[in-house]
Amino acid sequence: MTGDTVTSDQTTESAVPGPRSAELHRRREAAVARGVSSVAPFYVAGARDSRLVDVDGRSYIDLTSGIAVANVGHAPKHVIEAIHAQAESFLHTCFMVAPYEQYVAVCERLNALTPGAFAKKSLLVNSGAEAVENAVKIARYATNRPAVVVFENAYHGRTNLTMAMTAKAHPYKDGFGPFAGEIYRAPMSYPFRDPAAMTGEEAAARAIDVIERYVGAARVACVVIEPIQGEGGFVVPAPGFLPTLRQWCSENDVLFVADEIQTGFGRTGHMFACEHESVVPDIMILGKALAGGLPLAAVTGRADLVDRVHPGGLGGTYGGNPVACAAALATLHLLEAMNAPARARGIEKIMRPRLDALAARYPFIGDVRGRGAMLALEVVRPGTKDPDAARTADIVRSSYDEGLAVLSCGMYSNVLRFLPPLSIDDALLVEAMNRLDHVFERVAAA
């Protein structure tokens, strides 16, 4: 690698981490807060399309996309050019002080792109957690109700309110309480761990029963749900779960809020995951892939709900930064030009048979699941459904040695998640699957 150019086939055979990464890690330990952890043992020097290159010159096929951010690939030319052009014009004014067209244009695009044949409005913020908080603010204000219902395994962020909404205690919540109140948790549809005969409608009835008995429908402002859970384990609810829940919300004047931060912008084979079952939310929470790598998130919802909040009640200094907005407009253009949902389905056609073949070969793979380019393997002790976090960690470590970047997730840290850039070409994806085969062979033999 020279300058800002990534040589995609440049790979060294040295151990991971290499000497320069090891030196950077020593500097990190002296300078960076211990609570900020990293998965990869190397330090990145450059990234292009579907590859990362570390400071020692070793190349990795990226199956993480920066946690579903780089849907259009790393550093796409069109996005970089838009960033440069905007940076040369102005970097910041604060939309609440001196507004600009780029913010308006992103909101217009999101209002048109999201599902729902009704008038919509949007607001822009910096991060997914901030978007979640603003969605809850809008829901409580619009309904004049206090309660927020979330689900088992959910992940919604690391702020005080979103930690309360997040299910997993360690590492996200331990020692950071007390948390915001009026957050209630309902059971999620989790086909691998639910009773074998349970339908999505039955799982929804189970959740609704909990809500009605322990909260009361008349107190609920909103139900906030990831249509496919992310950090919680890439859990795809059984068919019928989301539509039944949506119907209950409509019947009880409860707002249905879809957290599409990880699932949005073509990742699952539709532009948004709720579209798989034609579910139309009242409010959508968007982020991650929106700006191609720059920090930008959004809340998009029914105009009659969003506009109930008084002027000045929403906003923030950096929300909808003009450079991030320029990147978002360019990213949305690329997503549509590449037909991102169709490309995600194409990735699934290559990856899913290979993952199913691994599951047939190795009894410690309990489940294969996901949609589009959001796929996962759940690792268990053979012959059981008992989570095996240790073997999962071994697979992740071995993947980096094989030149693959992967991640784990799940309530028990026993789920391998795969999030390749939607721009990855078929040949490189096949090569990634071949390398994954080698990883499993090595881990199974250990």
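A: Accessible areas come from the Shrake-Rupley method with a 1.4 Å probe; for residues, only the protein chains shown count as cover. By that method the protein exposes about 18,200 Å², and carbon and sulfur atoms supply 54% of it. This is a predicted model: local features need pLDDT of at least 70, side-chain atom pairs count only at pLDDT 80 or more, and totals for chains, interfaces and linings use all residues. Residues are numbered from 1 along each chain as its sequence is written, and side-chain values use heavy atoms, with hydrogens and water left out.

Q: How do you know that the radius of gyration agrees with that of a compact globule?
A: The radius is taken over C-alpha atoms, and the globule rule is 2.2 Å times the number of residues to the power 0.38. For 446 residues the rule gives a value near 22 Å, and the protein has 22 Å, so the two agree. The C-alpha atoms fill a box of roughly 60 × 60 × 45 Å along the principal axes.

Q: What makes a stretch count as one of the 13 helices or 15 strands?
A: Helices (H or I, at least four residues) and strands (E, at least two) are DSSP runs, numbered from the N terminus. Counted that way, the protein has 13 helices and 15 strands.

Q: What makes the approach of the Thr384 side chain to the backbone oxygen of Arg381 a polar contact?
A: A polar contact is a pair of N or O atoms within 3.5 Å; within protein, one must be able to donate a hydrogen and the other to accept it, and residues adjacent in sequence count only if both atoms are side-chain atoms. The backbone oxygen of Arg381 lies 2.8 Å from a polar atom of the Thr384 side chain. That side chain also reaches the backbone nitrogen of Asp386 at 3.0 Å.

Q: Which residues does Thr392 touch, not counting residues up to four places away in sequence?
A: Contact means heavy atoms within 4.5 Å. On that basis Thr392 touches Val379, Ser408, Ser413, Asn414, Val415 and Leu416.

Q: Why is Ser122 called buried, and which side chains does it make polar contacts with?
A: Ser122 is at 15% relative accessibility, so it counts as buried. Its place is in strand S4 (residues 120-125). The side chain of Ser122 makes polar contacts with the side chain of Asn111 at 2.6 Å and with that of Thr300 at 2.7 Å.

Q: What is the phi of Phe265, and is the residue buried or exposed?
A: Phi of Phe265 is near 65 degrees, a positive value in a residue other than glycine. Phe265 lies in the loop between strand S8 (255-259) and strand S9 (283-286). At 0% relative accessibility, Phe265 counts as buried.

Definitions and conventions
Buried means under 20% relative accessible area, exposed over 50%, partly exposed in between (1.4 Å probe, protein chains only).
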